[in-house]
Structures are given as C-alpha cells and as structure tokens.
Amino acid sequence: MNASIAYVRSCSVGFSESPFVSYISIPDFLARITINPIDNLTLTIDYRLLLGFFLPLSPNPMDLKALIRDIPDFPKPGILFRDITTLLRDPAGLQYTIDTMAAQIGDLQPEYLVGMESRGFIFGAALAYKLGIGFIPVRKPGKLPAQVHAVEYALEYGTDKLEIHQDAVTPGARVVIVDDLIATGGTAVATAKLLQEIGAHLVGCAFVIELDALNGRSRLPDVPINSLVHY
C-alpha cells in the first residue's frame, strides 16, 4: 500500500508502506490523507474525520489545575474566580490545552467554532487555526458592525446580553461552541439560542473548565460536551 499524506503549513509529505496507519505525527494539522490500498484505487478522507485518531491525547495528562489561579471575591463577594491568565502564560500548558481540545472536537467535523466575548475568543480562535476552520465571534452589545441577533441571559452574578451577526454562517453549517468556563451555563445557552436564530447546526460544546456543582451542562442542547478541568 502507498499512502501519501499532505500537510498544510508544515511543508512536508510523508509516505508509508504499512497496510495500516495507526498514528501520524502532525507538525501543524492534517489537511488531507489519501490512501491507495490497491493500485488504481484512491480514497480521500477529510482531515476532520481523522483528527480524533491522529491527534491522540497525551499518555501523561498535564495537571492544568496547577496552572489555574483561584481569586476569591471576584468579580463580586462570594464568587471564587478561576483565573486562566496563569494558564495562558505557560507555553506548555497553553499548547497542551489547545492540542487536547482539538483532539476532542475534531471528529465532530465542525465548519466553524463559535467563541463568546472575551475569553472564548482566545481559545476559539486558536482552535479554529489548529483545525483549519473558521471562527465566529459572539460579542457584547454594540460591538458588531452589521445586522445582529441579540439575546439577554442570566449569569451566576448578574445579567448580560450577547449578539451575533445575522450572516455569520450559512444555514445548516456545523458549529461548536468554545469557551474558557461553563458554570450555570447561561452564556453557552444564550449562544446556542443565537446559533438557532441564524440557522446553524450546533454539534458540540468545548470548555477548558467546568464547575460541576452548578450543573450548567444540563441546560445545554443534547450535543457532545467536553471539558478539560472539573471543579
């Protein structure tokens, strides 16, 4: 068998004579793999179908909790804030976070990732780049220049409003919601409602942190939900 693997932005092509490919080390991200198991037969597989197999999780998971700082009484008294800036400044921790989340959501075959202002932008944009797909921002009121849909929602410490461009995606586009944290689930639920408004197809949600006691995931649509760190 001859297998040709083409990479985007890695400038390398690898070949294997093995009848089965069980693992491929990917410098950036896999754009496409073409397998020729028999002469004159070519099978081309979209890279998004393969990310779950070819971006395996580390055999030695990193302790991300050690990189997340607790800030008491922020932004209001009684709130224990999980500060991810200490994770972001750690190169190995940030790389592990993005690589692991990419492996988890790649097999959902999203066409876009949707991130909420503001920390969802950090992880959503990095993951979109890693997966080779588009990123859609969901913003606070008055920040988006074109026509928007808006929704108001309750936070664990107040209320807020989010907006999305009405033409952010084409109807039926597969999207995954990405954010740094899910607590009560208000932000993610509001974003899911916005995506429904524009006709997007929500296929999953991905978070760095989940506060299990608040059970925010129970309020989300029935889609795969992945979180790296649980409190």
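View 1. Phe81 is buried, at 18% relative accessible area. Buried means under 20% relative accessible area, exposed over 50%, and partly exposed in between (1.4 Å probe, protein chains only). This is a predicted model: local features need pLDDT of at least 70, side-chain atom pairs count only at pLDDT 80 or more, and totals for chains, interfaces and linings use all residues. Residues are numbered from 1 along each chain as its sequence is written, and side-chain values use heavy atoms, with hydrogens and water left out. A search of the whole structure gives two aromatic pairs. Rings of Phe, Tyr and Trp (its six-membered ring) pair if their centres lie within 6.5 Å; planes under 30 degrees apart count as stacked, over 60 as edge-to-face and the rest as tilted. Phe74 is partly exposed, at 42% relative accessibility.

**View 2. The ring pair Phe121 and Phe135.** The ring centres of Phe121 and Phe135 lie 6.0 Å apart and the planes meet at 85°, so this pair is edge-to-face. The pair links distant parts of the chain, 14 residues apart: Phe121 is in helix H4 (residues 119-131) and Phe135 in strand S8 (residues 134-138). Helices (H or I, at least four residues) and strands (E, at least two) are DSSP runs, numbered from the N terminus. Phe121 is partly exposed at 23%. Phe135 is partly exposed at 25%.

**View 3. Charges over the ring of Tyr231.** The charged end of Arg82 sits over the Tyr231 ring, 3.7 Å from its centre. The charged end of Lys65 also sits over the ring of Tyr231, at 4.7 Å from the centre. The criterion: NZ of Lys or CZ of Arg within 6 Å of the ring centre and within 35 degrees of the ring normal.

**View 4. Helix H5, residues 186-197.** Nine of the twelve residues of H5 are buried, so the helix is largely enclosed by the rest of the structure. Among the buried residues are Gly186, Val189, Leu194 and Leu195. At 1.5 Å a residue, H5 should span 16 Å; its end C-alpha atoms are 17 Å apart, which agrees. The expected span is 1.5 Å times one less than the number of residues. Gly199 follows H5, with a positive phi near 80°.

**View 5. The whole protein, for context.** The protein has five helices and 13 strands. Of its 231 residues, 43% are buried.
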